[in-house]
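Q: Could you show me how to read a protein structure, going feature by feature?

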Amino acid sequence: MQDKIENNIIMSKFDADEDVLSGLNILVDKYKIRAGFIDMGIGMIKNLKIGYWNFDKYEELFIEERSELVAFHGSIADDKNRFHIHIGVARKDHKLYGGHFFSGTADPLMEIKITKFDQAEFTRKYNPVSTLNELEIH
């Protein structure tokens, strides 16, 4: 992985077969991100696990073959539930799939932009009404 920060904007390039969540965790630790947004991601991904929230559990889908990223964005909190990321991908037949991002591997690469906030802290708190760990902004 390659990465660089400038004016609290982090640009990173994940290489083939790099685990996306592991790489994101490395970036969060390296740049001490307590509050941030994953603004965008482009490239391709394989071994993708996504979910659709149906108010009591995620309905999961696994896509093994390489797919093209058409959307990749979310929030980063200083919490055990560090990431909340949504993803959209196009498969070879041009059909789109998307949902909550659980895991995946860059193939052959992904480029990701993160914005780091210095004056804010994000955490997550369980809301029994939505049944979600919701973002709290401090």
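Predicted model: local features only at pLDDT ≥ 70, side-chain atom pairs only at ≥ 80, totals over all residues.

Q: Which strand pairs with β3, and how many bridges join the two?
A: Strands (E, at least two residues) and helices (H or I, at least four) are DSSP runs numbered from the N terminus, and two strands pair if DSSP finds at least two bridges between them. Here β3 pairs with β4 (residues 58-63) in the antiparallel sense over six bridges, and Gly 51 stands opposite Glu 60 in β4. The two strands form a hairpin with four residues between them, and Phe 55 in that turn has a positive phi of about 80°.

Q: Where is the bridge partner of Tyr 126?
A: The partner is Asn 133 in β9. Strand β8 (residues 122-127) and strand β9 (residues 132-137) run antiparallel and are joined by six bridges. Four residues lie between β8 and β9 in their hairpin, where Thr 131 in the turn has a positive phi of about 60°.

Q: Which residues of helix α1 are buried?
A: A residue is called buried under 20% relative accessible area, exposed over 50%, and partly exposed in between (1.4 Å probe, protein chains only). In α1 (residues 20-30), the buried residues are Val 20, Gly 23, Leu 24, Leu 27 and Val 28. Seen down the axis of α1, they fall within an arc of 140° (taken from the directions from the helix axis to the C-beta atoms), so they line one face of the helix. Their cover, judged by contact (heavy atoms within 4.5 Å), includes β1 (2-6), β2 (9-15), β3, β5 (67-77), β6 and β7.

Q: Is Ser 67 buried or exposed, and what does Ser 67 touch?
A: Ser 67, found in strand β5, is buried, with a relative accessible area of 1%. Not counting residues up to four places away in sequence, Ser 67 touches Gly 43, Met 44, Ile 45, Val 89, Ala 90 and Arg 91.

Q: How are Glu 111 and Arg 124 to be read?
A: Glu 111 lies in strand β7 and is partly exposed, at a relative accessible area of 30%. Met 40 is 71 residues from Glu 111 along the chain, yet their C-alpha atoms are separated by 8.2 Å, and Met 40 is among the residues that Glu 111 touches. Arg 124, in strand β8, counts as buried at 10% relative accessibility; its contacts beyond four places in sequence include Phe 83, His 84 and Asn 133.

Q: How much space lies in the largest pocket, and which residues lie nearest its centre?
A: Rolling a probe the size of a water molecule over the atoms shows where empty space is left. On a 1 Å grid over the protein atoms alone, with a 1.4 Å probe, a pocket is an open set of points with protein on both sides within 12 Å along at least five of seven lines, and lining residues have an atom within 4 Å of a point. The largest pocket holds about 490 Å³, a volume being the space filled by probe spheres set on the points. Of its 22 lining residues, Tyr 58, Phe 83, His 84, His 100 and Asn 133 lie nearest the centre.

How values were computed. Residues numbered from 1 in each chain as written. Heavy atoms only, no water.
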